Amino acid sequence: MISLDFKSYPQMMEMNMSNFVVRVTSHYCGNGYNVDLIRWDKSGSGMKVCKAFNVSSEKADKEAQRVAELYDATIERHR
């Protein structure tokens, strides 16, 4: 049986929102852009989630701004 200390649960589940980065990169075909949300952990590794794939520059910028506001993330543009 596993016991949980519910007093420390909020601290366990607390996310540091500054660990999020929204990255806009060129799509491999060269005609569009990808928007990814990356969450970095303490060990320096990150998990990437695609938020937009092969979209125009305008759509990529709008999606990057939307996601950055939701996650209080910084935006990196690699074009």
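Reply: Gladly. Of the 79 residues of the chain, 25% count as buried, where buried means under 20% relative accessible area, exposed over 50% and partly exposed in between, with a 1.4 Å probe and protein chains only. This is a predicted model, in which local features need pLDDT of at least 70 and side-chain atom pairs count only at pLDDT 80 or more, while totals for chains, interfaces and linings use all residues. Residues are numbered from 1 along each chain as its sequence is written, and side-chain values use heavy atoms, with hydrogens and water left out.

Me: What is the mean pLDDT of the chain, and which elements have the lowest and the highest means?

Reply: The chain has a mean pLDDT of 82, and 77% of its residues reach 70 or more; pLDDT is the predictor's confidence in each residue, from 0 to 100. Where pLDDT is low, the predicted coordinates should not be read in detail.

Me: How many helices and strands are there, and what pattern does the chain follow?

Reply: There are two helices and four strands, and along the sequence they give the pattern α-β-β-β-α-β. Helices (H or I, at least four residues) and strands (E, at least two) are DSSP runs, numbered from the N terminus.

Me: What makes β3 and β4 edge strands?

Reply: The open sheet of four strands has the order β3-β2-β1-β4, with mixed pairing. β3 (46-55) and β4 (74-78) each pair on one side only, which makes them the edge strands. The twist averages 20 degrees from one strand to the next.

Me: How do you know that β2 pairs with β1 and with β3?

Reply: Two strands pair if DSSP finds at least two bridges between them. Seven bridges join β1 to β2, which run antiparallel, and strand β2 (residues 33-40) pairs with β3 in the antiparallel sense, also over seven bridges. Both pairs therefore meet the rule of at least two bridges.

Me: Why is the contact between R23 and E76 called a salt bridge?

Reply: The term asks for a side-chain nitrogen of Lys or Arg within 4 Å of a carboxyl oxygen of Asp or Glu. R23 and E76 meet at 3.0 Å, N to O, so the pair qualifies. R23 lies in strand β1 (residues 20-26) and E76 in strand β4, so the pair ties together parts that are 53 residues apart in sequence. By this rule the count comes to four salt bridges. Another of them joins R77 and D61 at 3.4 Å, N to O, linking strand β4 to helix α2 across 16 residues.

Me: Is D36 buried or exposed, and which is K48, its salt-bridge partner?

Reply: D36 has a relative accessible area of 7%, so D36 is buried. K48, at 57%, is exposed. The closest N and O atoms of this pair are 4.0 Å apart.

Me: What makes the largest nonpolar core a core, and which element gives the most to this core?

Reply: A nonpolar core is a set of buried Ala, Val, Leu, Ile, Met, Phe, Trp, Tyr and Cys residues joined through side-chain atoms within 4.5 Å. The largest one has 12 residues in all, including F20, V35, L37, V55 and V67. β1, β2, β3 and α2 each supply at least two residues, and α2 gives the most, with four. Leaving aside its neighbours within four places in sequence, L37 is in contact with residues including F20, V22, V49 and V67. In soluble globular proteins, nonpolar side chains tend to be buried together.

How values were computed
Axes fitted to C-alpha atoms, helices over the stretch in contact; angles between N-to-C directions. Contact = heavy atoms within 4.5 Å.
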